[in-house]
Amino acid sequence: MHVLTISTTLTMSIIGTQFLSLPAQSAPENFLDGSKSLRLLQRSWSAGPQDILISPLGIKISNPASRVVLILQPPFTDVHAYNAQTKRIFHTPLDKFISPYATSMATMKGVTFNELKLNKHHELTYKGCSAEQWVMSKAAMARQQTLRANHDLVNDSPRTFEMVATTKIPVSKQAIHLICVYNALPDAIGLPLTANYYTMINVYHHYLTTAKITKATATAKDYALPKNFAKATSISDLVLSGHSDDGMKLLLMDH
C-alpha cells in the first residue's frame, strides 16, 4: 500500500465544486488529532461522493448525487434520513439500518465486505491524522481462496483487503458503525479513511478514498431534522424518489 501524505497543494473537484486542500506548510503532522469537529470529503464505490460532518452534536452524511442526508444524533440510537427535494423522511434504529448502497454492491458485484475480519498491521499518518492500517490475515486470505475454489465466491470477491482508519479523532463507536454500514465496509475500531482490495482475479480496486479532512464548526442547526416531510417506508424510497430511472441508476450504477 502507498501511504499518502500532504506534500503539495491539491485541488479536488467533486460534483462540479472545487475544494482546495491545505498546503503542506500549514498542515503539520497530526494536526487533526483530538479535533472534536471535522468535515470529510469521501468517495466510495457503493455510495459515491459524500460530505461528512462529525461533531459532539452527531454525524451528518450528505450525498450530493442522491440528495439523501443521514443524521445520527446523541444518544446515537436512531438514524434519520431525508431527501429535501422530494420532502420525504425515514427513521430507523441504528441496529436495523441497512444501506441501499450496500445492497446494490451485493446485487451488482455479488460481493459483501461486512463479514471480513481485519487485523491491525501498522501505524501511519494519513492526511494529517494518526491512523492505523488494517489488513486481512494470511489465514483469512487462505479461507477466501478455499471458498473460491469451492465456487462459493465470485471472481470480484476480495482476495486481499486493507483499510486505513483513525482512532485519534474523537468519534462515537455508533457513528463509526453507521459509516461502515453505509459504505458496506467491515465494522472498524476507528473512523474509516481508505479501503482497497485485490479481487480473486488480481484486479485492484480503490474502494473508499478520502479527498480532504478539515476542522469544522458545527451548530445544532446543522443537525436539525426537517419538519412536515412525508414519512418514507424505507431509505431506498428516498433514493428512488419520484424518478425511478434516475433512482435505479444511483442504486445500481458502477460509481
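What follows is a short exchange about the fold, the core, the pocket and some backbone details.

Colleague: Before we start, what kind of model is this, and what are its ground rules?

Modeller: Residues are numbered from 1 along each chain as its sequence is written, and side-chain values use heavy atoms, with hydrogens and water left out. Local features need pLDDT of at least 70, side-chain atom pairs count only at pLDDT 80 or more, and totals for chains, interfaces and linings use all residues, since this is a predicted model.

Colleague: Thanks! How many helices and strands does the chain have?

Modeller: Helices (H or I, at least four residues) and strands (E, at least two) are DSSP runs, numbered from the N terminus. On that basis the chain has 14 strands and five helices.

Colleague: Which residue of strand 10 stands opposite Leu124?

Modeller: Strand 9 and strand 10 (residues 129-136) run antiparallel, joined by eight bridges. Within strand 10, the residue opposite Leu124 is Ala131.

Colleague: Now to strand 4: which residue of strand 5 stands opposite Ile54?

Modeller: Strand 4 pairs in the antiparallel sense with strand 3 (residues 38-44) over seven bridges, and a hairpin of three residues links the two. Five bridges join strand 4 to strand 5 (residues 58-63), also antiparallel, and here the hairpin runs through two residues. On the strand 5 side, the residue opposite Ile54 is Ile59.

Colleague: Why is strand 4 largely enclosed by the rest of the structure?

Modeller: Buried means under 20% relative accessible area, exposed over 50%, and partly exposed in between (1.4 Å probe, protein chains only). Strand 4 (residues 48-55) is largely enclosed because of its eight residues the number buried is seven.

Colleague: What share of the chain counts as buried?

Modeller: The chain has 255 residues, and the same cut-off is applied to them. The buried share is 47%.

Colleague: Which residues does Leu178 contact, leaving aside its neighbours within four places in sequence?

Modeller: Leu178 is one of the buried residues of helix 3, including also Ala175, Ile176 and Tyr182. Contact means heavy atoms within 4.5 Å. Beyond those neighbours, the partners of Leu178 are Ile59, Ile61, Leu70, Leu72, Val79, Leu94 and Phe97.

Colleague: Which residues lie nearest the centre of the largest pocket?

Modeller: A pocket is an open set of points on a 1 Å grid over the protein atoms alone, where a 1.4 Å probe fits, with protein on both sides within 12 Å along at least five of seven lines; lining residues have an atom within 4 Å of a point. Helix 2 (residues 138-149) gives the largest share of the lining, four residues. Of the 15 lining residues, those nearest the centre are Glu115, Leu116, Gln144, Leu147 and Leu153.

Colleague: Where is the cis peptide bond?

Modeller: Pro75 sits in the loop between strand 6 and strand 7 (78-83). The cis bond, with omega of about 10°, joins Pro74 and Pro75.

Colleague: Is His151, with its positive phi, buried or exposed?

Modeller: His151 has phi near 65°, although it is a residue other than glycine. His151 is in the loop between helix 2 and strand 11 (158-166). Its relative accessibility is 67%, so His151 counts as exposed.

Colleague: And Asn228, buried or exposed?

Modeller: Asn228 also has a positive phi, of about 65°, and lies in the loop between strand 13 (204-215) and strand 14. With 81% relative accessibility, Asn228 counts as exposed.

Terms used:
Pairing = 2+ DSSP bridges.
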